[in-house]
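Hi,

Here is the structure I promised to pass on.

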Amino acid sequence: MFKRVPFKTAGLMKKLMGEYYEKGARSQKEGIPVAWMTAVSPVEIIYAAGLFPYYPENFGALAGARKIADKLSLSAEAKGYSHDLCAYARCGIGDAYATEHPVGKIVEPNIIFACNTQCGTLPKWFEVASRFYDVPYFLLDSPLVGGEPEEACRDYFLQQLKEMIAYLEEVTGRPFDYDRLREVLHLSNEACRLWNEVLDTAARKPAPFGFFDASFHMAPIVTWRGTQEAVTYYRELKKEVDERDKAGIYAIPEEHFKVYFDHIPLWPRLRWFSELFASHHTLVAVSQYTHSWSYSFDLERPLESLAANYLEEFVNRSFDYRVQLKLNFIEKYGCDGFVFFSNRSCKSTGLGLYDKRNIVAEKTGLPGVVFEADMSDERFFSEEQVLGRLEPFFEQLKSAAR
Amino acid sequence: MHKEEIIEFLQKVVEKPDWKVREWKEQEKGKAVGFLLTDVPEELIHAAGFFPYGISGGRARMEFADAHLQSWTCSFVRSSLSLALEGKLDFLDGLIIPQTCDTTRNVSGIWQHANPLPFLQEYRLPRQVDRPSARNYLIYELNRLKEELEKFSGRKITEEKIKESIALYNDNRNLLARLFVLHEQNPAAISNRELYTIIEAALLMPVEILNKYLNGLIEALENEEAAPKSKIRLFISGTLLEPLEILDFIDENGGLVVGDDLKNGSRYIDAQVQTNDDPLAALADRQLKRIPGAFYDPPHNPRRHFLVKTARDKKVQGVIFLHLRNCEPENYDFYDNMQALEESGIPAIRIETEFVTAPSGQIRTRVEAFLEMIGGEGNV
Ligand code: SF4
Ligand code: SF4
């Protein structure tokens, strides 16, 4: 185990996230509707409309990190929800039926918005929730972007944004404030820009920041995106990362290798993985996951650019596009190998990884590996099996360097 | 032709699923475009001059798909891809994959790498159906699909051609629906297994020929004397009817399937296409008004109401949920659907299945026990 120098901003993060949850708890009392949102969806509209956005996926990640996803899941499974469904959904549905809430209760919604850019699971889960909590539900539908983005699909999404805004006007009883939307979009742009600058420092050699750090520091870009808080946070973080770099505090001691990681971290095993990779002098430098929040909005065309950004997120793109994206990251960050996590919770990022491994290996000549597990539910994690995959990979990295 | 001959012929089509398509390709020197079940508008494929071939999975050697698809992928898609990799779908020149879930959304890219085809398209159904934007988008998507088919065939698909195809498929749906009615009225004349075998055959043979056979069959059945026998009335709900043997278990134990919402069942034949409208808009409208399915997302799960209402209208004594393992859309709605039936006092069981070599004895036992429970004494 190596000695970590804690980030000073971690304190700020704690404060921010505390505030976020407090706000969630307070909102309903103060008459501010709580809107459930999916991670990749136009939260900017929700902030501009003055609602409180809440991310149940976050709750699933938290339950995973605290190692209770399996227990929450059992309450859902008792109702007939299969353990093959996404663990986030099982945690969310499980929490609705559970009698015990070891990580606190999910914040109950007044209204639910789902966007299926990420997956088809979220809409199904949120639909279930809308019946359980008996609240209205609105789906933003993103057809798969097969090749080049089509004008008609953008237009379809745009029409739906207008339907969403009309719906919000009805719910809030206020006309939608487009000036406020532009402000929020500006703040989102800033936070995304800073966040990506932080992520990019992982390309330095040795690097002051890596994927496991990013997994920790990403909460505000998800939850606070569109507010000044997120901008302040990432400005501070960027400053600190640069300072640490100057002071020679690196993400891992003695970085020999960098690898690309696909996709999401294994929350209950974050520490275990970060130490495993560090012990092999391997920095997990980059993942398309943490780069999901790279939006850039055109303030002159707010709705059009919201449509383009949220429809065309990589997870809604074709097989070949996503292979190319991995290749680009591998090149940009100077990776020496790649690790693909075949996450049984997530068909939307897991399917296709076997073929993608072959293609990426062929195109780059780099060593790469796929391993099986679940991002949150430890019943589907076998240390032995994962090590059985990763140990030979580390050997390959070393022999490739020789 | 006698009823027995017709049924035997259609059974043979199902036993040799490549028979009619190979024959047609040979005779017509044409191309075959497959589709994964079942919401793809066959009318368009037909109007483009291709043979529309419905792929409903099968008893495949799953190890062929294992190199491409994780074990937690549904066995419908795993078996379909396995069939392709085994060479059992090598007559296909193209494939259309409807977007019904995360599995179908991802499998097209995998398929194209594992088993490249000159024509592979996603049919991107809208996932919300109740707002005006959905219909406009669906018409766009149908038009796009039409254009892609035109590019592949090198010929324009005229409006007239689509209308002709629509008329043919409307006939086909009417005939198949008529069979359902006859089956319900006179179960002795056509069994559950026979009925659903015919739907399966419909996916595998030219509609023109099939319609002729169906006309003959219906005539024969209509002339047959009804032998009324009290039966246990059942509804089957799920994605795909698999394994077909389950129908034998039902037949043998006095069950009568009077309704279903399966892709290789009633979902295949429900709702007609208007013939006086713009044909693409008419195809879109059919899609939007089909019986509810788990992969659409109208917010309040109309399927559960549909189940209760149909069960009541059809005096159903029990519902069998036939669920493919790892089919997420079905699984998310199951609890709700089950609750709705429970509240209405309609007994139901859920049987989880997979495309494997043969159905287990356990499935037989469960079906028997369920029928016994809901049928009671003297009903059979
Ligand atoms: S982990 Fe995957 S399946 Fe689950 S909510 Fe996220 S994107 Fe959807
Ligand atoms: S809808 Fe269900 S059965 Fe059909 S492909 Fe998707 S997971 Fe498989």
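Chain A has 17 helices and eight strands, where helices (H or I, at least four residues) and strands (E, at least two) are DSSP runs numbered from the N terminus. The C-alpha trace of chain A spans about 65 × 50 × 45 Å along its principal axes. Its radius of gyration is 21 Å, which agrees with the value near 21 Å for a compact globule of 402 residues; that radius is taken over C-alpha atoms, and the globule rule is 2.2 Å times the number of residues to the power 0.38.

Before you go further: this is a predicted model, in which local features need pLDDT of at least 70 and side-chain atom pairs count only at pLDDT 80 or more, while totals for chains, interfaces and linings use all residues. Residues are numbered from 1 along each chain as its sequence is written, chains are lettered from A and ligands numbered from 1 in the order in which they are written, and side-chain values use heavy atoms, with hydrogens and water left out.

Now the salt bridges, meaning a side-chain nitrogen of Lys or Arg within 4 Å of a carboxyl oxygen of Asp or Glu. There are 72 of them over all chains. One sits inside chain A, pairing the side chains of A:Glu19 and A:Lys15 (3.7 Å, N to O). Those two are four residues apart in helix α1 (residues 9–27) of chain A, so about one helical turn separates them.

On to where the chains meet. Contact (heavy atoms within 4.5 Å) involves 54 residues of chain A and 46 residues of chain B. The two chains bury about 4,300 Å² between them, with 52% of that from carbon and sulfur atoms; buried area is the accessible area (1.4 Å probe) that two parts lose on being put together, summed over both. Six salt bridges link chain A and chain B. Among the salt bridges is the one between the side chains of A:Glu150 and B:Arg124, at 3.0 Å, N to O.

Several elements of chain A supply at least two residues each to the side that touches chain B, including α5 (87–97), α7 (151–172) and β7 (337–343). The biggest contributor is α6(A), with eight residues. By type, that side of chain A has 23 nonpolar, 17 polar and 14 charged residues. Here Ala, Val, Leu, Ile, Met, Phe, Trp, Tyr, Cys and Pro count as nonpolar, Asp, Glu, Lys and Arg as charged, and the others, Gly among them, as polar.

Last, chain B itself. It is divided into domain 1 (1–17 + 158–228), domain 2 (31–155) and domain 3 (230–380), with bounds from an automatic or database domain assignment. The C-alpha centres of domains 1 and 2 of chain B lie 25 Å apart, and their contact takes 15 residues from domain 1 and 13 residues from domain 2. These two domains bury about 1,200 Å² between them, 58% of it on carbon and sulfur atoms. B:Ile162, B:Tyr169 and B:Leu203 supply 47% of what domain 1 buries there, more than any other three residues. The rule finds one salt bridge across this interface. B:Glu43 and B:Arg173 also meet through their side chains in a salt bridge of 2.7 Å, N to O.

Cheers
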